[in-house]
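Trainee: Could we go through this structure together, step by step?

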Amino acid sequence: MKNNILKSREFLQIFDLVSTEGIKSKGKYEFQGMNAWHDFDGYTCWLSYKDLTVTLLFHGKLGVEYENVDTFDEFYKKINALIALS
């Protein structure tokens with residue numbers, strides 16, 4: 001799985017982008033097909049794109065779950081492009 005190429009910092013950078021540039025609806029922010037939300041205290045954050053969900057936990061731990069490898073590849077390309085623009 002490729003998620004070891006990206007670090008928690010990059011996922012947090014994307015989380016910040018989606019939550020600051022996105023439109024908030026029903027407790028989630030949406031930006032360019034990605035959603036971002038967090039629990040009440042902010043210790044757990046989530047990013048989602050289609051059938052993929054990234055869980056960002058306190059102390060830099062993360063988990064990536066997806067059903068379709070193509071979705072992960074699309075997400076990976078999308079976030080790398082957004083990071084490059086930052």
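What follows is a set of questions and answers about this model.

Mentor: Happy to! This is a predicted model, so local features need pLDDT of at least 70 and side-chain atom pairs count only at pLDDT 80 or more, while totals for chains, interfaces and linings use all residues. Residues are numbered from 1 along each chain as its sequence is written, and side-chain values use heavy atoms, with hydrogens and water left out.

Trainee: How far apart are the end C-alpha atoms of helix 1?

Mentor: Let's start with the term: helices (H or I, at least four residues) and strands (E, at least two) are DSSP runs, numbered from the N terminus. The expected span of a helix is 1.5 Å times one less than its number of residues. Helix 1 covers residues 8-21, 14 residues, so it should span 20 Å; the computed distance agrees, at 20 Å.

Trainee: Is Ser 19 buried or exposed?

Mentor: Buried means under 20% relative accessible area, exposed over 50%, and partly exposed in between (1.4 Å probe, protein chains only). Ser 19 lies in helix 1. Its relative accessible area is 19%, so Ser 19 is buried.

Trainee: Which backbone oxygen does the side chain of Ser 19 reach?

Mentor: Here we need polar contacts: pairs of N or O atoms within 3.5 Å, where within protein one must be able to donate a hydrogen and the other to accept it, and residues adjacent in sequence count only if both atoms are side-chain atoms. At 3.1 Å, the side chain of Ser 19 reaches the backbone oxygen of Asp 16.

Trainee: What do the buried residues of helix 1 pack against?

Mentor: Those buried residues include Phe 11, Ile 14 and Leu 17. Contact means heavy atoms within 4.5 Å. By that rule, the packing partners are strand 2, strand 3, strand 4, strand 5, strand 6 and helix 2 (69-85).

Trainee: How many residues of strand 4 are buried?

Mentor: Look at its neighbours too: two strands pair if DSSP finds at least two bridges between them. Strand 4 pairs with strand 3 (residues 34-38) in the antiparallel sense over five bridges, and with strand 5 in the antiparallel sense over five bridges. Strand 4 (residues 45-49) is largely enclosed by the rest of the structure, because the buried count among its five residues is four.

Trainee: What is the angle between the planes of Phe 11 and Phe 75?

Mentor: Phe 11 and Phe 75 form a stacked pair, 6.4 Å centre to centre. The pair links distant parts of the chain, with Phe 11 in helix 1 and Phe 75 in helix 2, 64 residues apart. Both residues are buried. The angle between their planes is 10°.

Trainee: What is the value of phi for Lys 26?

Mentor: Most residues other than glycine have a negative phi. Lys 26 sits in the loop between strand 1 (23-25) and strand 2 (28-31), and is exposed, with a relative accessible area of 84%. Although Lys 26 is not a glycine, its phi is positive, at about 55°.

Key. Phe/Tyr/Trp six-rings, centres within 6.5 Å; stacked < 30°, edge-to-face > 60°.
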